[in-house]
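Visitor: I am new to this structure and would like a close look at a single part of it. Could you take me slowly through the place where the ligands are held?

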Amino acid sequence: MDHKKASAKRKQPVRPGNLLVITGPSGVGKGTLVQKLKPRVDKLRYSVSVTIRAMRPGEVDGESYFFRSRSEFEDMARQGAFMEYAEFAGNFYGTPRGWVSEELENGVDVILEIEVVGAKQIHSQYPDAVMIFISPPSFEELANRLRNRKTETEEKIKLRLEKAEQELQEKNVFQYEVVNDNLDEAVSNLEHIVYAERCRMLRA
Ligand code: ADP
Ligand code: 5GP
């Protein structure tokens, strides 16, 4: 076979998937955005986290989260089963390592929808991860969204809003900021980020 034919036949190696981290305060709309993004992008999967928090009405074990006891969570942490984990508003949350690594190796992009402490752990361990911070249009609107969601008691909402104040101060450590004011616009911005990142030159 001549040289030209051989190089035409040679395929590009499988490009590993991108690890996309979507973070931001509770109630900003991360879950809503991810649900809207999924059907719009191919080769994109969402990592289901493990948590010890109580199940909310309508949540399904293995879909919303893997709901586990505190001691089961601690065992998993000791065994190194998490890529990152953090305590948030009195509960633990963690990203399972095995599934995420496999998907990335197969060229699939994986979304982690996690809080800021865990996001920073990912950033330091995986410098190529794409770090996206979701901001609310205002703090008042964030409080409205949390209250209108009606999933937490007023005491828990106050805790989450206190946490949000700290988290918003840390947004500058992330690469992208998407303001979730108009939902469709925010989803469209996320979609563009995902596709742009697929065209980024890989560093050897
Ligand atoms: P998070 O996953 O960040 O905690 P959610 O996705 O649960 O946030 O959203 C919190 C609440 O805000 C939900 O009731 C959701 O329907 C609402 N919401 C999300 N995005 C918007 C938006 N752009 N405009 C108005 N309400 C929104
Ligand atoms: P919620 O209790 O509202 O479902 O989640 C509370 C916070 O925990 C949210 O900001 C959510 O993004 C975050 N979270 C969910 N899963 C994980 C995870 O695996 N790791 C970390 N660090 N945070 C998570």
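This is a predicted model: local features need pLDDT of at least 70, side-chain atom pairs count only at pLDDT 80 or more; totals for chains, interfaces and linings use all residues.

Guide: Helices here are DSSP runs of H or I with at least four residues, strands are runs of E with at least two, and both are numbered from the N terminus. In total 14 residues surround ligand 1, and the closest of them are Gly27, Gly31, Thr32, Arg149 and Asn180. Sorted by class, this shell holds three nonpolar, six polar and five charged residues.

Some of the contacts can be followed atom by atom. On the backbone side, an N or O atom of Gly27 lies 2.8 Å from an oxygen atom of ligand 1, while a polar backbone atom of Val28 is 3.4 Å from an oxygen atom of this ligand. From a side chain, a polar atom of Arg149 lies 2.8 Å from an oxygen atom of ligand 1. Taken alone, ligand 1 would expose 570 Å², and the protein buries 72% of that area. Ligand 1 sits in the largest pocket, and the elements that give two or more residues to its shell are helix 2, residues 30-37, and helix 6, residues 139-149.

Ligand 2 belongs to this part as well, for the space that ligand 2 takes is the largest pocket. The elements that contribute two or more residues to the shell around ligand 2 are strand 5, residues 82-88, and strand 6, residues 91-96. Around ligand 2 there are 17 residues, of which Arg53, Tyr65, Glu84, Tyr93 and Glu115 come nearest. By class, the residues of this shell divide into five nonpolar, four polar and eight charged.

Here too, several side chains can be traced to oxygen atoms of the ligand. A polar side-chain atom of Lys30 lies 3.3 Å from an oxygen atom of ligand 2, and an N or O atom in the side chain of Arg56 is 2.8 Å from an oxygen atom of ligand 2. The side chain of Arg160 likewise has an N or O atom 2.7 Å from an oxygen atom of ligand 2. Ligand 2, taken alone, exposes 510 Å², of which the protein buries 96%.

To finish, a word on charged pairs within the protein. Side chains of opposite charge can pair when their charged atoms come close. The count for this model comes to 15 salt bridges, and one of them joins Arg198 to Asp109, with the closest N and O atoms 2.9 Å apart. Arg198 lies in helix 8, residues 183-198, and Asp109 in strand 7, residues 109-113, so this pair ties together parts that are 89 residues apart in sequence.

Definitions and conventions:
Residues are numbered from 1 along each chain as its sequence is written. Chains are lettered from A and ligands numbered from 1 in the order in which they are written. Side-chain values use heavy atoms; hydrogens and water are left out. A residue is near a molecule or strand if one of its heavy atoms lies within 4 Å of it. A polar contact is a pair of N or O atoms within 3.5 Å; within protein, one must be able to donate a hydrogen and the other to accept it, and residues adjacent in sequence count only if both atoms are side-chain atoms. Accessible areas come from the Shrake-Rupley method with a 1.4 Å probe; for residues, only the protein chains shown count as cover. On a 1 Å grid over the protein atoms alone, a cavity is a set of points where a 1.4 Å probe fits but cannot get out, and a pocket is an open set with protein on both sides within 12 Å along at least five of seven lines; lining residues have an atom within 4 Å of a point. A molecule sits in a cavity or pocket if more than half of its atoms lie within 2 Å of its grid points. Ala, Val, Leu, Ile, Met, Phe, Trp, Tyr, Cys and Pro count as nonpolar, Asp, Glu, Lys and Arg as charged, and the others, Gly among them, as polar. A salt bridge is a side-chain nitrogen of Lys or Arg within 4 Å of a carboxyl oxygen of Asp or Glu.
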